[in-house]
Amino acid sequence: MAKYQVSYSCGHIETVNLLGPHKQRERKLEWYRSHGLCSPCWHARRQEERDRASGEAAMEAFALGFAPLEGSAKSRNTTLGIA
Ligand SMILES: [Zn+2]
């Protein structure tokens with residue numbers, strides 16, 4: 001295992017631990033530089049995607065005539081058996 005300072009495509013820098021053959025590590029580092037996102041940016045993007053999907057689902061439900069959901073996300077998930 002070796003630690004590398006990676007400059008991600010989002011412009012941020014993080015330290016990562018990489019395992020495996022040297023060539024494989026180099027490929028991963030190149031991918032991080034060209035396409036990868038640092039942890040905070042990756043989490044922010046995932047949240048944006050969830051929010052967008054949730055908004056689209058709400059619009060679709062509204063278009064189909066369903067009443068808007070009420071209560072907190074936690075209480076709705078508990079009702080649905082998700083949480
Ligand atoms: Zn970032």
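Mentor: Across the interface of domain 1 and domain 2, the salt-bridge count is zero. Keep in mind that this is a predicted model. On the side of domain 1 that touches domain 2, the residues divide into two nonpolar, one polar and one charged.

The domain assignment places domain 1 at residues 2-37 and domain 2 at residues 40-79. Their centres, taken over C-alpha atoms, are separated by 33 Å. In terms of contact, four residues of domain 1 meet four residues of domain 2. The area buried between the two domains is about 320 Å², and carbon and sulfur atoms give 80% of that area. On the domain 1 side, 90% of the area buried against domain 2 is supplied by His12, Glu14 and Leu37, more than by any other three residues.

A search of the whole structure does find one salt bridge. It joins the side chains of Arg33 and Glu30, at 3.4 Å from N to O. Both Arg33 and Glu30 lie in helix 1, residues 22-34, and they are three residues apart, about one turn of the helix. An α-helix has 3.6 residues a turn, so residues three or four places apart point the same way.

Next comes helix 2, which covers residues 39-63. Helix 2 has 25 residues and reaches 36 Å from its first C-alpha to its last, close to the 36 Å expected at 1.5 Å a residue. Just after helix 2, Gly65 takes a positive phi of about 95°.

To return to your request: the interface of domain 1 and domain 2 has about 320 Å² of buried area, 80% of it from carbon and sulfur atoms, and zero salt bridges across it.

Conventions: Residues numbered from 1 in each chain as written. Predicted model: local features only at pLDDT ≥ 70, side-chain atom pairs only at ≥ 80, totals over all residues. Heavy atoms only, no water. Domains from an automatic or database assignment. Contact = heavy atoms within 4.5 Å. Buried area = accessible area lost by both parts, 1.4 Å probe. Salt bridge = Lys/Arg side-chain N within 4 Å of Asp/Glu carboxyl O. Nonpolar A, V, L, I, M, F, W, Y, C, P; charged D, E, K, R; others polar. Helix = DSSP H or I, 4+ residues; strand = E, 2+ residues; numbered from the N terminus. Expected span 1.5 Å × (residues − 1).
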